[in-house]
Amino acid sequence: MTRKLLMNLAAGLSLAIAATAVAGESAPPDAAQSASLAADAEDAASRDRFRALDQDVQSLKKEVLDLNRDLFLLEEELLFPANSQVAFFISMDVGEYFKLDSVRLTIDGKEVANYLYTDREAGSLLQGGVHRVHMANLKAGDHELVAIFTGQGPHSREYRRGATMNFSKGIGAKYVELEISDRVRKQQPEFVIKEWE
Amino acid sequence: MNIRSVLAGLAFSAFAASSLASSGLAGQPAPDFALKSSSGQNLRLSEYRGDVVMINFWATWCGPCRQEMPLLDELYSRYQRVGFNLLGVNIDDDSSRAMDMIDELGVSFPVLFDSSKEVSRLYRVDAMPVTIIVDREGNVRHVHQGYKPGYEQQYLDQVRSLLRE
């Protein structure tokens, strides 16, 4: 009886030791796994937060750009109402006989613009670009435009030429183009002022 | 006593306002301009966007300018290849004097002529020389009025710091 009791106790003790050992072996991997899982989850959450923040910043930037554009357009509409608006553009065609340096515009005897062109800007004009050199508000009626072009003419000589145009401002916006082109037959540049319909 | 102190205060504020005229530009976008240069080309400030630009207003009658220009030229020669540009803006009525001085000092940076003083007014220049440092974004970051020996070290530190941005 006593022997049986002792055997039971020994078996119980060994089972308990085995159970403790098993528990002791399995506990550390569980804690490490859960810790690494938690760290991964935190990383993923912070990445998501960062991505969301980045998206917020991008959308805010876009909104600022949109707002800036709207303000610019609104400012133009307010400062230059379509009814009194006149815009002057410079364009170049070929440009073999003339290297543009500056353009001075006078409307009704008053200087309104004096623009110096850098090599890059003149190059852009030669590639087909059009530059809005001036925008103004003018009353309806007759006006006189004088444009003075300076630059280098044929054989790299200093060149200065004026072009005059009388134009009538009615209701609605007006666009005037000052075109510099080559007159091949005379081997001279030509300055033409024309109105856009 | 009170009136005297008020007057002194007013005089001081007027002096401070005038001496800070161009300093008020710090932190603001640098006003754009185009001027004829000593090489005959027209140069526009906005075409240097992306580079650190120093604008130095000077005149032939200004002693400190003469002292400062060779030091600025050294700075320009050293940092030009890493995105630094220097535009000297001469405000003399007669640009031929400026050309003579450039030849005499042997400066290599572009010198622009502002004989009509339009650009000087734009930058509220009321001392001589005035040195303005513009960052890569086109904003005025530092304004120096006048020149004293030692300023070149400040220029160097500021230019290097802006080049690193």
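This is a predicted model: local features need pLDDT of at least 70, side-chain atom pairs count only at pLDDT 80 or more; totals for chains, interfaces and linings use all residues.
1. Contact between the chains. On the side of chain A, six residues are in contact with chain B, and eight residues of chain B take part in return. The chain A residues that touch chain B comprise three charged, two nonpolar and one polar.

2. The sheet of chain B. Chain B holds an open sheet of five strands, arranged in the order β5-β4-β3-β6-β7 with mixed pairing. Its edge strands are β5 (111–113) and β7, each of which pairs on one side only. From one strand to the next, the twist averages 20°.

3. One strand pair. Within chain B, β3 and β6 run antiparallel and are joined by five bridges. B:Phe57 has B:Val130, a residue of β6(B), standing opposite.

4. A helix on the sheet. Helix α2 of chain B packs on the sheet, where it touches β3 and β4 of chain B. The direction of α2(B) makes about 155° with that of β4(B).

5. Length of helix α5. Helix α5 of chain B covers residues 151–164, which is 14 residues.

6. Which residues of α5(B) are buried? They are B:Tyr155, B:Val159 and B:Leu162. These residues lie on the same side of α5(B), because they cover an arc of only 65° around the axis. On the other side of the helix, B:Gln153, B:Asp157 and B:Arg164 are exposed.

7. What the buried side meets. The buried residues of α5(B) pack against several elements of chain B. Among them are three strands of the sheet order given above, β3 (52–58), β4 (84–90) and β6 (130–134). The list also includes β7 (140–145) and helix α2 (63–79).

8. B:Glu152 belongs to helix α5 of chain B. Why is B:Glu152 classed as partly exposed? It has 18 other C-beta atoms within 10 Å, whereas a residue counts as buried at 20 or more and as exposed at 12 or fewer, so B:Glu152 falls in between. In sequence, B:Glu152 and B:Leu71 are 81 residues apart, yet in space their C-alpha atoms are 6.9 Å apart.

Notes: Residues are numbered from 1 along each chain as its sequence is written. Chains are lettered from A and ligands numbered from 1 in the order in which they are written. Two residues are in contact if their C-beta atoms, placed from the backbone, lie within 7 Å. Ala, Val, Leu, Ile, Met, Phe, Trp, Tyr, Cys and Pro count as nonpolar, Asp, Glu, Lys and Arg as charged, and the others, Gly among them, as polar. Helices (H or I, at least four residues) and strands (E, at least two) are DSSP runs, numbered from the N terminus. The expected span of a helix is 1.5 Å times one less than its number of residues. The arc is that of the directions from the helix axis to the C-beta atoms. Two strands pair if DSSP finds at least two bridges between them. Axes are lines fitted to C-alpha atoms, for helices over the stretch in contact, and angles run from 0 to 180 degrees between N-to-C directions.
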